[in-house]
Amino acid sequence: MKDCIIVGGGAAGMVAAIEAKRAGAKSVLLVEKQSCLGKKLSQTGNGRANFTNLSMPISAYRSNHPECIPPFLAQFDSKDSLEYFKSLGIYPKFRGDYVYPYSDQAKSLVQCLENALYKLGVEICLQHRVEAISWTEKEGFFLKGKKLLPKRGDDSSFHKDHFSDYTLVSGSKEKNRKKEKNKKEKMEWEEKEFSLQGRKLLIASGGLAMEALGASGEGYGFAKTLSHTVSPLFPSLVPIYTKEDYVKLWSGVRVDVRAGLYKEQDLVFQDEGELQCTDYGISGIIVFQMSRLVHRLLEEKAKFSLELSFLPKFEEEEAKNYFLKRKELLEEERGEAFLLGLFPEKLSLVLYERTAFPLKQKIQDISDQKILELCQLCLHFPFHPERIGDFQRAQCTAGGVNISEIFIPEFQSKKNPDLYFAGEVLDVDGICGGYNLHFAFGSGILAGRAMGKKND
């Protein structure tokens, strides 16, 4: 029987295993279904891993029980994150308030965590997919599942080479590694059943976002089996789709905007940033930030509107005066040149089309009313959301294990003192800016420390 078993070898699971061992647990076992640890982490943030943020407001997190966020941040804020990763060898790089590894490589985080796991003697089972979990008061937790093994024999014994493919190598060693990888791909595999037993259990198996990187959401089923409730799940930090035909014209455009989301007449979201125009709608960080709210409004069938201002630095009257002045400056040009130099050509074509702007007419002959109509559209472009992106496009999962059933900051179950949860499996998700990784690492660290302590 193991002292601590951790299901999930991602960001939360790795730090939890490290801290459980440091806290005094004699035997810590980390179980991961993938062939390497930190697969999703290694590709987070386009491979750069924005792992925390110097600004850590409570409002950066969303949950059905937001009252659980302050006690978490009181125990693990951005300063704690910086100190923790510095102790592992990760020197920070700052881009405004956003914090990255100085190497600008997410794999640096994975490597440093792997090294710590190895030095501490944490046992690791890779390619072990947990399928069922049960518990009895006398005998603890029982885990059953399938492990993937080469047909020529059982290689389940752990050694350092079982860590990720990111180990630094050079020269002929790199060629040998590629050869070994090719051999592995050609190898025949078979599944065998396994079972494990542990006194304490942490579920850190992630959510449903990014299925291509192994997300499958089995942790929600485990939570229900162990008497926990799970709030409805939906994608977060995703693009927004529309049925409007004009999006085919503006596909590929990147432009700075101010976005405003209104429920009835009330402004519920406003932000400025770069908008990515796509052939299905809109994307980019500014869109990701509001996608969760758009989903809620669509689910509620509420009356709402989304407006984009392509002149985010202009006030209303300032923009009108500028457009009329622009008419004077460009009076000898044709209408098709009016927005030249203001916006990318594809976006200008959409704006012209939606106002029926006279492209071949001399600008001096175009009425002030038509000029101001174009200005109004640039300031208040209506975008009609049809739906948000699915889990394949999502950066994280909204909803999850009911966090009101968890003691914070220990991340210990209120239903079973030997059960813990951490990371994306919980009903907590953050906006863009390093908040989701901060929560994954922070909840994993706090849970690991708590479960690693000896019982009184």
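A salt bridge here is a side-chain nitrogen of Lys or Arg within 4 Å of a carboxyl oxygen of Asp or Glu. By that rule the structure holds 23 salt bridges. The model is a predicted one.

**Confidence**

The average pLDDT of the protein is 92. A score of at least 70 is reached by 92% of the residues. One stretch calls for care. Over residues 154-177 the pLDDT is below 50. Beyond near neighbours in sequence, that stretch still has 35 contacts in the model.

**Two domains**

The protein divides into domain 1 and domain 2. Domain 1 is made of three segments, 2-150, 191-234 and 399-452. Domain 2 covers 239-389. Their centres, taken over C-alpha atoms, are 41 Å apart. Nine residues from domain 1 and six residues from domain 2 take part in the contact.

How much area is buried between domain 1 and domain 2? The figure is about 760 Å², and carbon and sulfur atoms give 55% of it. Three residues stand out on the side of domain 1. Arg62, Phe234 and Cys432 supply 74% of the area that domain 1 buries against domain 2, more than any other three residues.

The interface also has polar links. Across it there is one salt bridge, and three residue pairs are in polar contact. By class, the domain 1 side that touches domain 2 has three nonpolar, three polar and three charged residues.

Side chains of opposite charge can pair when their charged atoms come close. The table lists two such pairs.

| Glu424 | Lys40 | 2.9 Å |

The pair of Glu424 and Lys40 links distant parts of the chain, 384 residues apart. Glu424 sits in the loop between strand E22 (419-421) and strand E23 (429-430). Lys40 sits in the loop between strand E2 (28-31) and helix H2 (44-47).

**Backbone exceptions**

Most residues other than glycine have a negative phi, and most peptide bonds are trans.

Pro409 lies in the loop between strand E20 (406-407) and strand E21 (412-413).

Asp104 is the other case. Asp104 is found in the loop between strand E6 (98-101) and helix H5 (106-120).

Conventions:
Residues are numbered from 1 along each chain as its sequence is written. This is a predicted model: local features need pLDDT of at least 70, side-chain atom pairs count only at pLDDT 80 or more; totals for chains, interfaces and linings use all residues. Side-chain values use heavy atoms; hydrogens and water are left out. Domain bounds come from an automatic or database domain assignment. Contact means heavy atoms within 4.5 Å. Buried area is the accessible area (1.4 Å probe) that two parts lose on being put together, summed over both. A polar contact is a pair of N or O atoms within 3.5 Å; within protein, one must be able to donate a hydrogen and the other to accept it, and residues adjacent in sequence count only if both atoms are side-chain atoms. Ala, Val, Leu, Ile, Met, Phe, Trp, Tyr, Cys and Pro count as nonpolar, Asp, Glu, Lys and Arg as charged, and the others, Gly among them, as polar. pLDDT is the predictor's confidence in each residue, from 0 to 100. Helices (H or I, at least four residues) and strands (E, at least two) are DSSP runs, numbered from the N terminus.
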